[in-house]
Amino acid sequence: MSRPKGAIVGIGELKPQRLTRGVTTLEMIAEVSRLAVLDAGLEPAAIDGLLVGPQVGETPQHVPATIAEYLGLAPTMANVVDLGGASGAGMVWRAAAAIEAGMCEAVLCVLANNREETAPRSPNRNPIREFDVPFGASGANISYALLMQAHMARYGSIARDFAVIAAAARANAQLNPDAIFFGKPADAEAVLASPMIASPLHLLEIVMPVAGGEAIVVTSAERARSLRKPPVHLLGAGEKVTHRAVSQAPHLTSGPLKSAMERAFAQSGTRADEMDLLSLYDCYTIMVATTIEDAGLCAPGGFGAWLNDHDLSHKGDKPLNTHGGQLGFGQPDLAGGMTHVVEAVRQLRGAAGERQIGKAGLALVTGNGATMSEATALVLGAA
Amino acid sequence: MAIDLNALKTPGPTITALTKPFWDAAAEGRLKIQCCEDCGKAVFYPRPICPHCWSKRLVWQNASGKGRLKSFSEVHKPGHPGWLPAAPYVVGLVELAEGPTMLSFILAGTRPLHVGDMLRLAPTAIGGRVLPAFRPVEVEPGTEEKPK
């Protein structure tokens, strides 16, 4: 099976913050892009590919051109990647594919968002707005609550099984001073005691929205050899997009990540149980539960027992979201998905500091957008 | 429910020429969905082409109003402020007998809700318009349909 063969050679990350005041998204994109390109040891002029998110703050159209102009870049490949929380992972293999296709040689992938107090409501006129919102279902919380309830009904999973996921994320965040919940651990009991938002979903099972930014630089494996940081190789990737609204989901207890991960494992010749790091998209606890099952780490419905059997810390047998995940780090909008890529690169470089995992050869990174709708999976390997 | 759902200031549907037959029927207390004359499948929500076979031969038909609860949530913190006076309220995924699934407002029955419960169309005035809501089918003890 053919596969894109790129390497991640630079990463940048902004410390998340609850609110910004008078800061534009473009300014944050510039700050985090500079960090990633400096980390790669490249001159800005060497960046000839640009992948960005949709609707950057005040810029609803011509987003790549606006960002290129702002950064002083003149890319030979520029595109928007619009896959919600899967955008970050989705950018990585698009970058690698563009390089292989001869479109460009070094791609900057960047996502960032400000968070001002006066954000307007979404102007959506899509089918969700017409057919879900009038019945009282606005926002992602209710959609994920429906997925969680379906899992409980089908498999008998219980509230505590899910709470353990949030507690583990908080525990890991205690080793990441940049995490929004650094210094604020929460055990499973605290998660279960937090307010019910939309049953069966508790407040602490939901990511905290924050401002922030993430960026990475992708180049060819050949070019990566001459750069200053150990390259992290893209070994396999997969993607699947099945629906947008939860009512139209083909399944409620399994998602498109299943086939995306199967493809990423097949391309890389690896298995889920060989991964040294699980960097799994975690907007809600149910997302991690379903991903563990869809990856084949346990049988469908078995995530609760699997969690009980494993240590998810950096010292454990199954390190999971060592940066705290988005549940512990905070969710800087679309950039939240890219935190899972950036942490995997840190770990596979052996540069994760006091939260460095022992053996760091292979990492699974997942991205998820909308309501288990847009899915991208990456298998990354150390140099 | 003690509150008057019809008095809520909730966002209504964003109706287009294509979707108008659905909402016109809803206002009359009926549930109308599209059916494809080529592949025979029912379609929800309304579209100009069949999402199963891309045929344009879609016709409107009255749905049976029977459904099964695929999942539900009791909403304590609504995503839209217009729903705050109604909280907590229940929304659910309703698998229509004709095949497609729609999200709807679920009225309280006499017993706690369970995934798999059989539902029946229960047109309800919410926010100044009649919407195709659902409520659990009340059954005689001992004659319950077993959920699939």
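These legends go with several views of a predicted model with chains A and B.

**View 1. Chain A as a whole, with 13 helices and 11 strands.**
Start here to get your bearings in chain A. Its radius of gyration is 19 Å, close to the 21 Å that the globule rule gives for 383 residues, so chain A is as compact as a globular protein of that length. Taken along the principal axes, its C-alpha atoms fill a box of roughly 55 × 45 × 40 Å. Of the 383 residues in chain A, 59% are buried. Among the contacts in chain A with a separation of 6 or more, 78% come from residues 24 or more positions apart.

**View 2. A helix crossing in chain A, where α6(A) meets α10(A).**
Helix α6 spans residues 159-173 of chain A, and helix α10 spans residues 285-294 of chain A. Their axes come within 9 Å and cross at roughly 100 degrees. An angle from 65 to 115 degrees counts as roughly perpendicular, and α6(A) and α10(A) are therefore roughly perpendicular to each other. To find the contact, look on α6(A) for Phe162(A), Ile165(A) and Ala166(A). These meet Thr285(A), Ile286(A), Val288(A) and Ala289(A) in α10(A). By class, this contact of α6(A) with α10(A) has 6 nonpolar residues, 1 polar residue and no charged ones.

**View 3. The meeting of the two chains, seen from the residues of chain A that touch chain B.**
Here 27 residues of chain A are in contact with 29 residues of chain B. On the side of chain A that touches chain B, at least two residues each are supplied by α4 (127-131), α5 (140-155) and β5 (196-198) of chain A. The largest share comes from α5(A), with 7 residues. Sorted by class, this side of chain A has 16 nonpolar, 7 polar and 4 charged residues.

**View 4. Chain B as a whole, with 1 helix and 10 strands.**
Follow the sequence of chain B and you will read the pattern α-β-β-β-β-β-β-β-β-β-β. The radius of gyration of chain B is 16 Å, close to the 15 Å that the globule rule gives for 148 residues, so chain B is as compact as a globular protein of that length. Its C-alpha atoms fill a box of roughly 45 × 40 × 25 Å, taken along the principal axes. Buried residues make up 34% of the 148 residues in chain B. For contacts in chain B between residues at least 6 apart in sequence, 54% join residues at least 24 apart.

**View 5. An open sheet of 3 strands in chain B, in the order β2-β1-β3.**
The pairing in this sheet is antiparallel. At the edges stand β2 (42-43) and β3 (58-62) of chain B, each with a single partner strand, so one side of each is left without a neighbour in the sheet. Strand β1 (residues 32-36) of chain B pairs with β3(B) over 5 bridges, and 2 bridges join β1(B) to β2(B).

Cys35(B) is a handy landmark, as a look towards β2(B) shows. There, Cys35(B) stands opposite Ala42(B). Back towards β3(B), Ile33(B) stands opposite Gln61(B). β1(B) and β2(B) form a hairpin with 5 residues between them. In its turn you will find Gly40(B), with a positive phi of about 80 degrees.

Terms used
Residues are numbered from 1 along each chain as its sequence is written. Chains are lettered from A and ligands numbered from 1 in the order in which they are written. This is a predicted model: local features need pLDDT of at least 70, side-chain atom pairs count only at pLDDT 80 or more; totals for chains, interfaces and linings use all residues. Axes are lines fitted to C-alpha atoms, for helices over the stretch in contact, and angles run from 0 to 180 degrees between N-to-C directions. Helices (H or I, at least four residues) and strands (E, at least two) are DSSP runs, numbered from the N terminus. Angles under 35 degrees count as roughly parallel, over 145 as roughly antiparallel, 65 to 115 as roughly perpendicular and the rest as oblique. Two residues are in contact if their C-beta atoms, placed from the backbone, lie within 7 Å. Ala, Val, Leu, Ile, Met, Phe, Trp, Tyr, Cys and Pro count as nonpolar, Asp, Glu, Lys and Arg as charged, and the others, Gly among them, as polar. The radius of gyration is taken over C-alpha atoms; the globule rule is 2.2 Å times the number of residues to the power 0.38. A residue is buried if 20 or more other C-beta atoms lie within 10 Å of its own, exposed if 12 or fewer, and partly exposed in between; C-beta atoms are placed from the backbone. Two strands pair if DSSP finds at least two bridges between them.
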